[in-house]
Amino acid sequence: MSGATCSDAACGVTGNTNVTHSFLVSKQGVFSATFDPPGAASSTSSVVIPSGAVVGAYTHLSGTTCSTQCQGYLLFHGSYATINYPGAAFTFAGGANAPGDVVGVYTDASGVSHGFLFNGAYTSFDYPGASFTEATGINPGGVIVGLYVNSAGVVNGFVRTP
């Protein structure tokens, strides 16, 4: 898995409604073996960045996918690092950029979901007036995109500039 870049690999998830596993596929269509962080029962890969690092999420709970009990992961050169927003009940790492900044969503102890940025330190943010905020991508300049749910329950997109 190490050495893959955005130009020669994409990532994905395979499985069923109860268990999923991460994988890579080259631009030639060659699939890697499925993989999970150590001890994971299920995982989802979100993005491969140019360095070859894979960002995703996983759960230790058997027979479930990463829907309520989840932790983020970063896989780089065969080593895993966990990405967990401090104090969060749930963290999903859903995007990353070439410099290695990671974005996603976390749920706090009160059950409220917020967007986050991890760039060596964690930063939480919410779209103004939103009941739910999720960061789904970040470009090399630090511009974050994502979605939020407004007070009427409607899902909308957002752009957050540094």
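Predicted model: local features only at pLDDT ≥ 70, side-chain atom pairs only at ≥ 80, totals over all residues.

Tutor: Residues are numbered from 1 along each chain as its sequence is written, and side-chain values use heavy atoms, with hydrogens and water left out.

Student: In which sense do E1 and E2 pair?

Tutor: Strands are DSSP runs of E, at least two residues, numbered from the N terminus; two of them pair if DSSP finds at least two bridges between them. E1 (residues 9–15) pairs with E2 in the antiparallel sense, over seven bridges. A hairpin of four residues joins E1 to E2, and glycine 12 has phenylalanine 23 in E2 as its bridge partner.

Student: Why is strand E2 largely enclosed by the rest of the structure?

Tutor: Buried means under 20% relative accessible area, exposed over 50%, partly exposed in between (1.4 Å probe, protein chains only). Six of the seven residues of E2 (residues 20–26) are buried, so the strand is largely enclosed.

Student: How many aromatic pairs are there?

Tutor: Rings of Phe, Tyr and Trp (its six-membered ring) pair if their centres lie within 6.5 Å; planes under 30 degrees apart count as stacked, over 60 as edge-to-face and the rest as tilted. The count is 11 aromatic pairs. Among them, tyrosine 58 and tyrosine 73 are tilted, at 6.4 Å centre to centre and 50 degrees between the planes. Tyrosine 58 lies in strand E4 (residues 54–59) and tyrosine 73 in strand E5 (residues 71–76), so this pair ties together parts 15 residues apart in sequence.
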